[in-house]
Each structure stands twice: as structure tokens, then as C-alpha cells.
Amino acid sequence: MENSLFIKAAFSQLTERPPVWMMRQAGRFMPQYWEIKNKYSFLEMCKTPEIAADVTMLPVDLLDIDAAILFSDILVTGEAMGGDLSFTQGVGPKFANPVRTQADVDRLEVDVQPRLQYVADAIKVIQQRLNGRIPLIGFAGAPFTVMSYLVEGGSSRDFKLTKLMLHNQPELAHQLLSKIAKVTADYLNLQIEAGVNAVQIFDSWAQALAWDDYKEFSHNYIAQIISQLKRKDIPVISFCKGSSVFAPLMAEAKPDVVSIDWNVDLLDMKHRLPQGVAVQGNLDPHILYADKPVIKERIHRLFERMRNEPGFIFNLGHGIMPDIPFDNVKYAVEVIKEFRY
């Protein structure tokens, strides 16, 4: 993998063009995804290694991106700990047994790696299919984000119950976050041992937090996880919605790459980070709805801004939306791959 543009950029080397992969690149915007999804439930797809491999390979084969990302979900750790997880079309994830009391936290288990073996099995199948072509990224949900689903019992707009726990029962919140952090570090190491070439930590709901709360209830646990990873030659990417605010603090957890949302100038932010920390991002995913000349102009504008800057991976500021036209995503990748500094 030493010749991979993605790995080089992740370790802050200058590349002849920015490598490209996109969050949610194996997802609902692809007709081929729906051909699989219509046959199986979402959890069946995640838990069946051959199917997870099929979905992981879709953007590799159809888009020719520079890195694959494991098809799974950030909530598999919460399920492994004892959460009763289900996914309903149009509703999203639900935990039927939310975690809100001391007894609820106490019942959550932390030695759960055997329950996540299906992920390691999927990684091995995917790596056989990739056959060294491009790197495979593993991932996990950050403790605060997983906690929010466990406490709310599903998705939330205001995270009221989660924030009440942080503010009224901080000791209980820390107990819960500590358990999730241990599981997450073990889980990412399981993925590394199974053969992933990089890992990303997703803190999808960090932007809900005030600065002090982010530092206490999110950042400190991500730093703890990163410090426990067997990361030799494995770049670690830290992503959160809100990274345009939190990125300098995120860098203190010592990831190799900070993934930046679209609310900030990427070069300005990179210069605010320590030397040797790469950046990933940061095109607004809504640009991919636009006409093709607009898509090309915006990508080139970003690339010219980052010209001669080592340590830059192209990505979106967040994931691809389900109704973005597949042809627009494919065109964006073609524009990126034709570009040369």
C-alpha cells in the first residue's frame, strides 16, 4: 500500500493529484445497492460477509475510487453491547431498550469482540476481492454519537435526553462513554488485525455539543481510543460534523487526518493544525446535485486552493445524500482523477 495515493496523503505526503473517496460511497444513491437491499434487511447485509463485501465493492467497480470503506454501521458496537437494534425504512435505527438509568448502563457488556467477528470475516473477504488494488478503510462510531442513539433510542433532532444525562448525571454519562470507548478501541483493533489499511472514527452528532461538553464528553474519549490503537502503518482519520469548529482540538487526539466539513476554508484550517496532520474534505455534498460544469468548477476551485499542499484527501464534508444522481457522483470522480498539479 506504500504506493497508494490515499495512504501517502493520509501520512501528509504530497501526491500528484488528491486521492478521492466519499463518505456513504456504497449507498442508496446507487441502483445496484437497491438491487441488493431489496433482497435483505440492512442488518443482514452488515452481518453476512459476502453481502457486505458485495456492497463495499460497488463504488470500487463502478466509480473507480482510490479507497474502499467497509460496509457496516456505526451502531453495531451498541448492538454488541446489548442494544436491541433494528432498522426501519423511512425511520432509521431504533434501540428498543434505551439506556437511561444506572441499571441500564450496568447491564451493557464490554467484552463483546466475538459478537463482532462477522466484521472481521467481511474484511477478509473484501481484501481478497480488492487483491491489493486500493486500501480498505475500517471505521467505528465515536462514543458520544453511539451514546446518543443508545440514550435517545434512535435518531434525535435535539438530543434532549442525551444532554440531560450529560448535565444532570455526568458520572453516569462518563460510565456509559467509558464502556463504549473500550468496546470501540477493541473493535477498531479487531478490524486492523483483520486487515484494514486505515480507520476512521465517525462522530456524526458532535455539532450538537457546546465546546466544553465536546471536550469533556467526546474529544477525551476519542483521544483515549486513538492512543490504544495498533496503528503502525495504519492512518487514523477523525471525522465529526462540526469539525470546522472543533478541528484544532480534534488534532490534539493525534489522528493522522482530520476530516473537515464544508463550513470553513480548507487551507486556512489546515494551517491551523499541527504540521504532519493531513486534512480530508471538504466539498459541500449538495454541490453534487448541481449541473456538471458547476461540479467541475467547484472541485477545481478547491484543488487550486490546496495546490502544493501535502496531506490532502478529497472527500465530501459529510456523506452522499440518497437522491444525488449517480451520474453526477461518477462525473465528480472522473474530474478528480483527471486533475494534475
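The second largest pocket is lined by Trp 262, Val 264, Asp 265, Leu 266, Asn 282, Leu 283, Asp 284, Arg 298, Arg 301, Leu 302 and Arg 305. Strand S8 (278-283) and helix H14 (292-305) are the elements that give two or more residues to this lining, and H14 gives the most, with four residues. The model is predicted, so that local features need pLDDT of at least 70 and side-chain atom pairs count only at pLDDT 80 or more, while totals for chains, interfaces and linings use all residues. Residues are numbered from 1 along each chain as its sequence is written, and side-chain values use heavy atoms, with hydrogens and water left out.

A pocket is an open set of points, on a 1 Å grid over the protein atoms alone, where a 1.4 Å probe fits and protein lies on both sides within 12 Å along at least five of seven lines; lining residues have an atom within 4 Å of a point. A volume is the space filled by probe spheres set on the points. Helices (H or I, at least four residues) and strands (E, at least two) are DSSP runs, numbered from the N terminus. In the table, Ala, Val, Leu, Ile, Met, Phe, Trp, Tyr, Cys and Pro count as nonpolar, Asp, Glu, Lys and Arg as charged, and the others, Gly among them, as polar.

| Pocket | Volume | Lining residues by class |
|---|---|---|
| Largest pocket | about 1,200 Å³ | 22 nonpolar, 11 polar, five charged |
| Second largest pocket | about 260 Å³ | five nonpolar, one polar, five charged |

The largest pocket has a volume of about 1,200 Å³. Of its 38 lining residues, Arg 24, Arg 28, Phe 42, Asp 73 and Phe 87 are the closest to its centre. Helix H2 (31-37) gives the most to this lining, with three residues.

Helix H4 (residues 49-63) spans 22 Å from its first C-alpha to its last, close to the 21 Å expected for 15 residues at 1.5 Å a residue, where the expected span is 1.5 Å times one less than the number of residues. H4 bends by about 30° at Met 57, with Pro 59 following within four residues; the bend is the angle between axes fitted to the seven residues ending there and the seven starting there.

His 318 lies in the loop between strand S9 (312-316) and helix H15. His 318 counts as buried because its relative accessibility is 15%, buried meaning under 20% relative accessible area with a 1.4 Å probe and protein chains only. Apart from neighbours within four places in sequence, His 318 is in contact (heavy atoms within 4.5 Å) with Met 23, Arg 24, Phe 239, Lys 241, Trp 262 and Pro 285.

Technical notes. Buried < 20%, exposed > 50% of the residue type's maximum accessible area, 1.4 Å probe, protein only.
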